[in-house]
Each structure stands twice: as structure tokens, then as C-alpha cells.
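Here's a quick tour of a fold and its packing. Have the structure open as you read.

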Amino acid sequence: MPRVMWKGAISFGLVTIPVGLYPATEEKTLRFNQLHDEDMGRIKYKRVCSIDGEEAPFDHIVKGYEYEKDKYVVLTDEDLAAVPVESSRAIDILQFVDLDDIDPIYFQKTYYLVPEETGLKAYALLREAMSDDGRVALAKVAFREKEHLCTLRAKDGIFVLETMFWPDEIRATDFDVLEKDVKIRPQEIEMERSLIENLTDEFKPEQFRDEYREALLQIVEKKVAGEEIEVIPEPEPTKVVDLMQALKASVEATKKKAAPKKSTARSRQQRPRKAAAG
């Protein structure tokens with residue numbers, strides 16, 4: 001069970017629901033330590049002052065904002081606590097929106113919201129109302145010295161909070177190569193659509209696994225056992241001479257793998273309903 005990382009409340013109209021915020025995900029990857037190749041000693045980093053060259057202990061490290069080159073203003077914990085925003089104490093629901101209206105590029109990190117016992121009924125009431133409605137709540141919350149735009153939705157009996165990037169944090173798609181003119185034939189589009197159709201299926205997350213991590217772990221285990229590691233050369237990339245021929249070959253190769261698709265009507269029924277215009 002992860003530790004609670006923030007405590008506050010869901011603020012919905014005049015209703016306040018005390019909750020705790022917990023990480024909903026964990027990244028699984030093999031972690032490596034940096035070693036000195038001569039004696040296998042761990043490489044350690046020190047917090048060294050750039051002026052006197054001395055190592056600085058934690059209790060002598062403060063937060064500074066550089067407002068001009070090499071000029072800083074120091075902010076204390078009391079200064080940060082004095083930031084006058086309601087979202088530092090509550091998840092303030094601003095409005096309800098259709099999830100389909102939010103581009104996935106905005107989503108950042110996922111958390112679980114667990115109610116305090118005193119707010120369990122209000123939590124359950126809002127959860128059931130939102131489950132039936134199909135909308136997600138758009139809210140603001142501040143933690144870890146940053147205010148976040150976020151969404152709130154019900155999933156498997158719990159509220160899931162997803163922090164979002166602010167609009168000015170999304171980089172523009174300013175790439176010169178996209179400005180070049182490309183001639184596309186109708187036959188190529190149809191062939192591409194056929195390939196997409198053959199590869200379309202329901203999302204079943206349990207079908208996917210991190211093959212790179214598994215293979216890397218096998219190499220680690222072999223090296224621990226003293227086995228020799230065989231380096232397999234990468235195959236030369238296939239050069240596409242005729243795009244249409246490559247598309248045809250891809251469509252033929254994926255025909256047998258194509259699974260029955262859900263009906264369009266059923267797919268639409270599973271989508272959240274659009275929020276009513278206010």
C-alpha cells in the first residue's frame with residue numbers, strides 16, 4: 001500500500017469530502033547504479049556550494065528563485081504555505097466535461113482519491129452520480145509546489161484523479177518537414193485504411209507486457225550466473241521501394257490476424273454522454 005502523499009478535500013458546490021491522494025501507478029524498470037570500473041565502488045554525488053566549494057548539509061539548503069542572472073530570492077516553507085489559492089487545500093471542481101473533449105496529450109500522472117471515513121457517504125454519492133452520468137469533473141488542485149489542472153472520474157469504485165499539463169506547457173507542432181507537399185493517391189488511402197481495419201481490436205491491457213525489461217532481466221541473471229552473453233546482430237531495415245506494394249503486403253499479412261470488431265453502435269453507446277450546454 002503506497003503512502004498518502006497529500007490530504008485535502010473534494011470541493012463540490014457547498015459539499016466538502018475529505019480525501020487522501022495516493023499514487024495510482026508505479027514505473028517498473030531495471031535500475032542501475034554507477035560504478036567505478038577499476039574497483040566497482042559506487043559513484044556518489046555531493047551537494048557542493050558553487051562559491052566556497054564546501055559540501056552543504058540538508059539543513060543549510062534553501063529554495064531560491066533566479067529572477068535575474070545569478071540573483072535569487074529565497075522562499076521559505078512559510079512563504080509557500082502562504083500562496084493564496086484555494087486549490088492548495090481542496091480539489092476544487094470547476095465544471096463537468098465530456099472525456100472525449102480532452103486531448104490525451106494533456107494527461108500527466110494518475111492518482112487514487114481515497115475518502116476519509118467522515119466523508120464516505122458524500123464520496124459514494126458523488127461517485128454513483130458521476131458513474132451514471134458518464135461525465136468527468138474538471139478541477140484544480142495544488143501540491144508539490146505546483147497548481148495542477150486535473151480531471152476526476154469514477155473507476156472500479158474509486159475516484160481517479162489525473163493531473164494535466166496547462167495549455168501553455170504543450171509545445172507547438174512547429175516542424176518544417178510537415179510543410180512539404182506530399183502527393184497521396186486515393187488507392188493508397190484505401191489500402192492504409194484496410195491495414196488499420198485489420199489491426200483494429202478491443203483494448204485488452206493484459207495482452208501486453210514489457211518484453212525489453214524481461215529480456216534485460218534475463219541478461220542480468222545470465223551474467224550473475226557467469227554465462228556468456230551472445231550479441232544478436234540487428235537485422236538490416238527493409239528499404240521501401242514501392243509504398244503501394246508494401247501496403248498490399250502488409251494488408252495480406254494482417255488479414256488472418258484480424259479479429260471480429262465490435263459494432264459501431266455499441267462503441268458509441270459506451271462513450272460518455274456529452275455535457276449539456278449551460
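## Helix, barrel and core

In this predicted model, helix H2 lies across S1, S2, S5, S6, S7, S8 and S9, and runs at about 75 degrees to S9. Angles go from 0 to 180 degrees between N-to-C directions of axes fitted to C-alpha atoms, for helices over the stretch in contact; contact is heavy atoms within 4.5 Å. Helices (H or I, at least four residues) and strands (E, at least two) are DSSP runs numbered from the N terminus.

Seven strands close into a barrel, ordered S1-S2-S6-S9-S8-S7-S5, with mixed pairing. From one strand to the next, the twist averages 40 degrees. Pairing takes at least two DSSP bridges between two strands. S1 and S2 run antiparallel and are joined by seven bridges; Ala-9 has Pro-18 in S2 as its bridge partner.

Now the inside. The largest nonpolar core has 20 residues, and Ile-10, Ile-91, Leu-113, Leu-152, Phe-159 and Leu-161 have the most contacts within it. Such a core joins buried (under 20% relative accessible area, 1.4 Å probe, protein chains only) Ala, Val, Leu, Ile, Met, Phe, Trp, Tyr and Cys through side-chain atoms within 4.5 Å.

| Element | Residues |
|---|---|
| strand S1 | 6-12 |
| helix H2 | 120-133 |
| strand S7 | 136-143 |
| strand S8 | 146-155 |

S7 provides the largest share of this core, four residues. Apart from it lies another core of six residues, including Val-97 and Leu-149. Beyond its neighbours within four places in sequence, Leu-152 touches Ile-10, Met-130 and Phe-159, among others.

Residues are numbered from 1 along each chain as its sequence is written, and side-chain values use heavy atoms, without hydrogens or water. Local features need pLDDT of at least 70 and side-chain atom pairs 80 or more, while totals for chains, interfaces and linings use all residues.

Note on methods:
Buried < 20%, exposed > 50% of the residue type's maximum accessible area, 1.4 Å probe, protein only.
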